[in-house]
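Here is a short report for a reader who is new to this structure. Keep the model in view while reading.

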Amino acid sequence: MGVAPPFLRRPGIRTVNFMYAATTSVALVGGEARPVEVQAHVGRQNDVFKLSGLPDTAVREAKDRVRAAVLSAGIRFPNRTVTVNLAPADLPKGGTDYDLPIALGILAASREIPPMRRAVVVGELALDGAVRAGSNALGAAVLSARHQIPCLVASAAAAEAAAIPGAVAYGVSSLAEAVDLLRSGLEGTAPAAPGQPMTRNEAPDMADIKGQLMARRALEVAAAGGHHLLFHGPPGSGKTMLARRLIGILPRLEISEAIETAMLWAAAGRRRGLDTTPPFRSPHHTASKAALVGGGSGNPVPGEASLAHRGVLFLDELAEFPRGHLDTLRQPLEEGVVSVARRGMSVDFPASFQLLAATNPCPCGFHGDRRKPCECRPAIRWRYRSRISGPLLDRFDLIVHVGRVEAEEYVGASGEASAVVAERVQESRVIQVARGQLNRHLAPSAPLLESAAAGGLVASAVGSGLLTARGADRVRRVARTIADLTGVDQVEEEHMAEAIGLRGEWRDD
């Protein structure tokens, strides 16, 4: 219980006793865990509950959830003025994970439980006092490891939090259990055991693909070097079917990469868990610009570009996306980060993704088709294609036409399974990691060990106008990947020729 300071203890001045307690929670800003001090003050007036510190609607509604949960746990809620502040007060707070620390802070301030020891607390409270897992458990575990203090989370998220290296996590299933745990002391209770990273096996198999040898090869090369890939062709040729099989041949994420990805998802209010499967995001072409690259009022949240970090961003029907939306992807494609600026706040979201796209050649989809004539006028066709700007199109490493599957291919044998292709991709990635980075990230000045004939071939393509300077750099990286898949040190002329062939033009034929 607090006492008025000495300079107020004078005759004629009325002193007022107060009760105060604080605990620590977490806010996720740009996928980074930042500590939030939950300060609780219990005064002497009538029943009033105040909440400050830039809370959003979900946090403001915590007042009702906390009061009901405390009463459901059989604990007296203070019939006084309760003031809760979430510091720092200039950082926007969102979500329901502040319920549990607010409740425990109030109970500590009203002396229903011992003074709070240093711990990071997160969890949503149900009206019956149950603790539900929110999206900030991993953030609490990161702070636990960083500051060497325990964290208190929902039981459903305890194993996930304990998997963070250096974190000490305790799981509780109800507010009453949390109160008992704090009353007895954390030292006498065993922390949660770390959970194991999981890998989803939901990706369809490449063996389902009939024909499309060039498209399959492009998918393998793209997976091996992390290259950006565009499929174009008539409807029903298998563009989307091919694209959705990319995840099945990509290497699994390292545990540090899985944590980084899960933190970004948590910042967007989603639980991904420690999943080592690379994320695959496929937003609809009606998605807003903020949904695509991130934004929102208050504390900006990640968009699809950041949710695809360390994985694949697949844009189906690419030409249906507004051109302005597509051009916002140019920064993350080059820098691997999205910068979102709001008044008084600028947040950088990691967004190192592999861009995979598919598009029809025109609105009707049949321009250049051998069997069905196109019904689009040239002006309409030009307007459709102009939605994809030249600078964005130039950032695709591979541009591959996907034509109709012929009858003999459709009834023929299936191609290689994803597991076989994934082995070659993994072997190529090992070579690249030993070199220091994926081929997609190689600088133009990096030594690529090209033969004179290979270098002369790409120089000739630039001189003839077939490639821009940026396009030539991308072709050279793809040729390096093809050489790695072959298992040779030097890029030969045939590797460069295949790379140029895989970067075909999207044009009016």
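Arg111 is partly exposed, with a relative accessible area of 37%. In this predicted model, Arg111 lies in the loop between α3 and β5 (120–121). Its phi is positive, about 65 degrees, although Arg111 is not a glycine.

Leu54 also has a positive phi without being a glycine; the value is near 55 degrees. Leu54 belongs to the loop between β3 and α1 (57–60). With a relative accessible area of 45%, Leu54 is partly exposed. That value lies between the cut-offs of 20% for buried and 50% for exposed.

**Two prolines**

Where is the cis peptide bond that involves Pro88? It joins Ala87 and Pro88, with omega at about 5 degrees. Pro88 sits in the loop between β4 and α3.

Pro197 is found in another stretch, the loop between α6 and α7. Its relative accessibility is 37%, so Pro197 counts as partly exposed. Which residues does Pro197 touch, leaving aside those up to four places away in sequence? They are Ile255, Leu274 and Thr276. Ala207 is ten residues from Pro197 in sequence. In space, the two C-alpha atoms are 27 Å apart.

**The chain as a whole**

The chain has 509 residues, and 51% of them count as buried. Its secondary structure comes to 20 helices and 16 strands. The C-alpha trace spans about 95 × 50 × 45 Å along its principal axes. Take the contacts between residues at least 6 apart in sequence: 73% of these join residues at least 24 apart.

**Helix packing**

Two packed helices are described by the angle between their axes and the distance between the axes. Two helix pairs are set out here.

| Helix pair | Angle between axes | Distance between axes |
|---|---|---|
| α3 (residues 99–109) and α6 (residues 175–184) | about 50 degrees | 11 Å |
| α7 (residues 213–225) and α19 (residues 469–486) | about 95 degrees | 9 Å |

Take the pair of α7 and α19, with an angle of about 95 degrees. That angle makes α7 roughly perpendicular to α19. On the α7 side, the residues that meet α19 are Arg217, Glu220, Val221, Ala224 and Gly225. Their partners in α19 are Val478, Thr481, Ile482 and Leu485.

How are α3 and α6 set to each other? They pack at an angle of about 50 degrees, and α3 and α6 are therefore oblique to each other. The crossing of α3 and α6 is right-handed. From α3, the residues at this meeting are Leu100, Ala103, Leu104 and Leu107. From α6, they are Leu175, Ala178, Val179 and Leu182.

**Aromatic rings**

How many aromatic pairs does the structure hold? There are two.

One is formed by Phe49 and Phe77. Their ring centres are 5.9 Å apart, and the planes make an angle of 35 degrees. Phe49 lies in strand β3 (residues 48–52), while Phe77 is in the loop between α2 (62–72) and β4 (81–87), so the pair ties together parts that are 28 residues apart in sequence. Both Phe49 and Phe77 are buried.

Phe280 and Phe314 form a tilted pair as well. Here the centre-to-centre distance is 5.9 Å, and there are 35 degrees between the planes. Phe280 belongs to strand β11 (residues 280–281) and Phe314 to strand β12 (residues 312–316). This pair links distant parts of the chain, 34 residues apart.

Are Phe280 and Phe314 buried or partly exposed? Phe280 is at 22% relative accessibility, so it counts as partly exposed. The cut-off for buried is under 20%. Phe314 is at 0% and therefore counts as buried.

The charged end of Arg272 sits over the ring of Trp265. Its distance from the ring centre is 5.4 Å.

Technical notes. Residues are numbered from 1 along each chain as its sequence is written. This is a predicted model: local features need pLDDT of at least 70, side-chain atom pairs count only at pLDDT 80 or more; totals for chains, interfaces and linings use all residues. Side-chain values use heavy atoms; hydrogens and water are left out. Rings of Phe, Tyr and Trp (its six-membered ring) pair if their centres lie within 6.5 Å; planes under 30 degrees apart count as stacked, over 60 as edge-to-face and the rest as tilted. Helices (H or I, at least four residues) and strands (E, at least two) are DSSP runs, numbered from the N terminus. Buried means under 20% relative accessible area, exposed over 50%, partly exposed in between (1.4 Å probe, protein chains only). A charge sits over a ring if NZ of Lys or CZ of Arg is within 6 Å of the ring centre and within 35 degrees of the ring normal. Axes are lines fitted to C-alpha atoms, for helices over the stretch in contact, and angles run from 0 to 180 degrees between N-to-C directions. Angles under 35 degrees count as roughly parallel, over 145 as roughly antiparallel, 65 to 115 as roughly perpendicular and the rest as oblique. A crossing is left-handed if the near helix is turned anticlockwise from the far one by less than a right angle, and right-handed if clockwise. Contact means heavy atoms within 4.5 Å.
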